Amino acid sequence: MKIEGKQRIWLDYQKEIADDHFFYVRSCVRQNFFPGSEKTFLRILQSELSKDIYENPSHTTCSGIGYHTDIVPFATSMTMVARQFALMTEAGYENFTTSCITSFGLYSEVLETWHHFPETEEKTREFLHKATGREFKKPNNVSHASDIIFRFRKEIADKGKYRLVNQRTGQPLKVVEHIGCHYSKMFPSKGVGGAEYPYVLVGMIEDWGGEVIDYPERRHCCGFGFRQYLVQANRGFSISCSKKKFDSMEPYKPDMILTNCPGCPMFLDRWQYAISEMEGKTYGENGHGIPVLTYEELAGLVLGYNPWDLGLQVHQVPIEPLLDKIGIPYDPEMKFRGADGQDLGKPDPPSVLKFYTEKV
Amino acid sequence: MSKSAIIIGGGAAGMETASQLARLGIEVDLIEKQSRLGGHLNSWDRLFPNRRDSKEVFEYLEQDMNDGISLHLNAEIETILKAGDRFTLSLRDGKELHSDALVIATGYEVFDARKKEEYGYGIYDNVITSVELEEFFRNNKQKNLFEGIKSKRVGIVHCVGSRDEKAGNLYCSKLCCVTGVKQAIEIKELMPDAEIFCFYMDLRMFDRHFEEMYYEAQEKWGIQFIRGRLSEASENPDHTLLLKLEDTLTGLPLKMKVDLLILLVGFIPSPETRRLAAMLGLKEGDDRFLCPADEHTITNSTTIPGVFLAGTVKGPASIASTITDARSTALQVATYLK
Amino acid sequence: MSDLYAKLFEDVRFREGLKACLNCGTCTAICPAAEFYDYQPRKIIDILQTKDNSKIEDLLKSNTIWYCGECMSCVTRCPRGNAPGLLIQALRSLSQELGYFTESEKGRQQLAIKRTIGKWILEYGYCLYPSEIMPDMHPEQGPIWEWEHKNIEAVMNRLGANYKGTGAGILRKIPDEALDEIYRIFEVTGGISRFDKIEEFSRIKALDMGMDMEDGKNDDYMKFIYTANSGDHTLKHED
Amino acid sequence: MKPFGYTITKDRQIDFDANDREVTGFINEVEPSIRLCMGCGSCTATCSAGHFTDLNIRRIHTFVQRGELQHLKKEIMKCMLCGKCQLVCPRGVNLRNLILSIHTALEKSGI
């Protein structure tokens, strides 16, 4: 592997990422499954980087999952997108930032469609006005939240308390990066580093001290496939895709998986559990699985935030082996407690995948 | 007073045009940007279809580089001016040349395989281009190329940078197919136990003896042809490559490990060709190669009187047809100057 | 019968996605659906290129168009600028408009999606909603989700969400005016009409199959389409 | 184990490296003309059995070379050995002997 070859390609895909004054729209999947990540994103931008980021309470789903399960017509989704733009326009913002990759892909697709088929933009304006009375301007800049963290990765490293280094061995942690399909597969120029060798997560890993692993099934979809997961009868497809990735990355002995898409970390986390239940097979060390993190969770760890504030307790694959490797302290007693320390009980231990109980 | 012509480009087309014109008594200046003549001919080892040594063809072309030709090596053109029927060329070293006719024979370049990002050229260790393979053959470096490779399975990818909108080239480079078959046979000659696969969409064996070479590759050498375009190559932990393509004749996706991947890179117009065309106001086709005055009949002249085209500035061509074309250009120039 | 190709052509995604195919197979080669289902994006384009009405009708009624996961990996690779993923979207839309989706096992599942994702979009303003993601319908979500689901308010609170609260924040209650706006958008753009068609054609199919189909989530037809898998979607090596 | 309601499936890619190609080697040896196929499909077009079943005789060649034995077994059972394919093959592939050799090879390897 010659890293210079990749660096050349990264130079070809330098994406413009806004610097400040972001209009933030949330992700359905992440609010349900990784609320701590969105919380951490805002905390980093506001407290660490002193950026202006605004969220309008009236913004909604972009309808992306409905669109990609094909129950929502394109015209409807275009108008849903237009409504979000209208809220941005009304609030006086021009930089649109999405927490979700499906949304990011949809916004990009809608803007491209309006560009190539101007009559669709006109029609959308008409629909939006008819339905809501709103008008909108198109954003100057559309960035995914991972683009923003990428842009400020060096600042985060500078402020950081921890590096992605194994305390015991002094070796950099081996990190697998997984990019959401809709980040750049449709429009390579819209993603940092393009579609074949996206740099958005690689840049974070490198600057935070880790070592990136490239493995044969790196570009493979996690298998969400929208309807392929949402309907139980189709989930065999979904889990089989993820398994393919695990089998392919296993020989490299990764310490963790880093993702930038809402769904992927959930699936890569949960499917390790399901595979272990179905086939008795676990990945990673000592039967603990390979921890899967969002980029905000990882940034939060680097910055020294409490792992339980980041939401690492709601992962099925235990995260403690990673914390121990990096040398991040945590209080096991507080893992499954509520905001005021109240006892919420504990999840049942899975039958195969190990619950982390003590330091190895 | 004898008439004169300037020929830009000292590859096969330029050399042959020059020698033909000199033989007809026309004073020739032959300009070559590199330190020696021959152009791409210097990169090839053996030529299809009969696998004769390319040096023989070079020697043939070189023997006529006689006194009637003034050779300007390492020469770079600054400006070209046309006043009346006369051309004035200024070279970077300050030299000025004059002539009554101008022949553009600046040829092509090979496609930069790095642009086909998903094939990992320049990133993965065992991905090389067909040009590099020729260099290995030519310099007898075969041993280095295959050193440490145990199972010796080789994949040859057709249409790299050709017939590809994403690469910016919709056209067929037409000679990659036969080059791939030739190289497959040559590898097999070197390593009889190697397994060789060509990944193709159409095999365009258009010229004399090409189809027979394909037949020979199958019959005598057992080279396998899989119909499907390589979709991606990735590197395995042992530095072999994992290929993914559709085996379109079965309709099933296929994955396969190879030790070495050879990319058959296509033709693109050389930057020098495009620079001169812009300087002179010559017409480029939508494939960016230069347009002759008429595609069927007036194939060697341009719409500018006194400016002629020879060889691969007009599109992909074999050495044989380049030489034939150069003679035709020479005849057109001579007729014009008469 | 009307010209299905012309109908497809009305969809901008179809016009964007179909140039001319040279049958190279780069799409099928990396298509996750082609790896696990008897499916080839290349073949879809091949059929559409024929403009043959009866072949297109077969396609609209088949399982085939429902295998794609819309990851759009094919879009990156096509050397001719085709986008099989976009064509699938156009085909699925038309299949639902014409009611052809109920003719296939995979197509019939649209009702289940409409009654979950579709319902939640209009009801909550979110595509997913935690109290609706039932552990028994999602066993793979594991014990962690069971625990979370049981303690959802406390867990959301611990992680800094504004669950069901007013103002901004994670899983806030979307204001009623905003939900009204969404509904009107769905009304004027054909979203509601799409939902109604999915219900209506499914009702006809359920009757046809002798199954009960109420409006809730737990009727026989709904359960059937959510779990039914004939097992012949994959061309297995053991076959 | 919990009832998940679905199972992990093996992919249907041709896994060239995992396939057993002993049969491939045997057939290429006993009927070397198999190498000459250029995928033109003349055989499939004229195939009598192919008119009544989904037999695709052209694909048999490809399955042999890829070592896709299960597919191969399924396909050749449909051939009636009429030999029309051989008459039209522009490359002179001895298709009848090819089919017979496949039968022999599959039997020998117990498939």
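## Contacts between chains

Two residues are in contact if their C-beta atoms, placed from the backbone, lie within 7 Å. This is a predicted model, in which local features need pLDDT of at least 70 and side-chain atom pairs count only at pLDDT 80 or more, while totals for chains, interfaces and linings use all residues. Residues are numbered from 1 along each chain as its sequence is written, and chains are lettered from A and ligands numbered from 1 in the order in which they are written.

Start with chains C and A. Here 74 residues of chain C are in contact with 75 residues of chain A. The chain C side holds 39 nonpolar, 22 polar and 13 charged residues. In this sorting, Ala, Val, Leu, Ile, Met, Phe, Trp, Tyr, Cys and Pro count as nonpolar, Asp, Glu, Lys and Arg as charged, and the others, Gly among them, as polar.

Now take chains B and A. Their contact takes 13 residues from chain B and 15 residues from chain A. On the chain B side, strand β15 (residues 232-235) gives the largest share, 3 residues. Strands (E, at least two residues) and helices (H or I, at least four) are DSSP runs, numbered from the N terminus. By class, the side of chain B that touches chain A has 4 nonpolar, 3 polar and 6 charged residues.

## Two domains in chain A

Chain A is assigned domain 1 (16-145) and domain 2 (146-334). Such bounds come from an automatic or database domain assignment. The C-alpha centres of the two domains of chain A lie 25 Å apart.

The domains touch: 29 residues of domain 1 of chain A are in contact with 34 residues of domain 2 of chain A. On the domain 1 side, α2 (28-33), α3 (35-48), α4 (64-68), α6 (101-116) and β4 (141-144) of chain A each supply at least two residues. That side divides into 13 nonpolar, 12 polar and 4 charged residues.

## A closer look at Tyr252(A)

Tyr252(A) is in the loop between α13 (235-249) and β7 (256-259) of chain A. Is Tyr252(A) buried, exposed or partly exposed? It counts as partly exposed, because it has 13 C-beta neighbours inside 10 Å. The cut-offs are simple: a residue is buried if 20 or more other C-beta atoms lie within 10 Å of its own, exposed if 12 or fewer, and partly exposed in between, with C-beta atoms placed from the backbone.

Leaving aside neighbours within four places in sequence, Tyr252(A) is in contact with Lys174(A), Ile213(A), Tyr215(A) and Pro237(B).

## Chain D

Chain D has 7 helices and 1 strand. From the N terminus, its elements run β-α-α-α-α-α-α-α. Its C-alpha trace spans about 60 × 30 × 25 Å along its principal axes. Of the 111 residues in chain D, 39% are buried. Among the contacts in chain D with a separation of 6 or more, 66% join residues 24 or more positions apart.

## A helix pair in chain D

Helix α4 (residues 57-66) and helix α5 (residues 69-76) of chain D pack at about 150 degrees, with their axes 9 Å apart. So α4(D) is roughly antiparallel to α5(D), a term for angles over 145 degrees. Axes are lines fitted to C-alpha atoms, for helices over the stretch in contact, and angles run from 0 to 180 degrees between N-to-C directions. The crossing of α4(D) and α5(D) is left-handed: the near helix is turned anticlockwise from the far one by less than a right angle.

Which residues of α4(D) and α5(D) meet? Arg59(D), Ile60(D), Phe63(D) and Val64(D) in α4(D) meet His71(D), Leu72(D), Glu75(D) and Ile76(D) in α5(D). This contact has 5 nonpolar, 1 polar and 2 charged residues.

Definitions and conventions. Angles under 35 degrees count as roughly parallel, over 145 as roughly antiparallel, 65 to 115 as roughly perpendicular and the rest as oblique.
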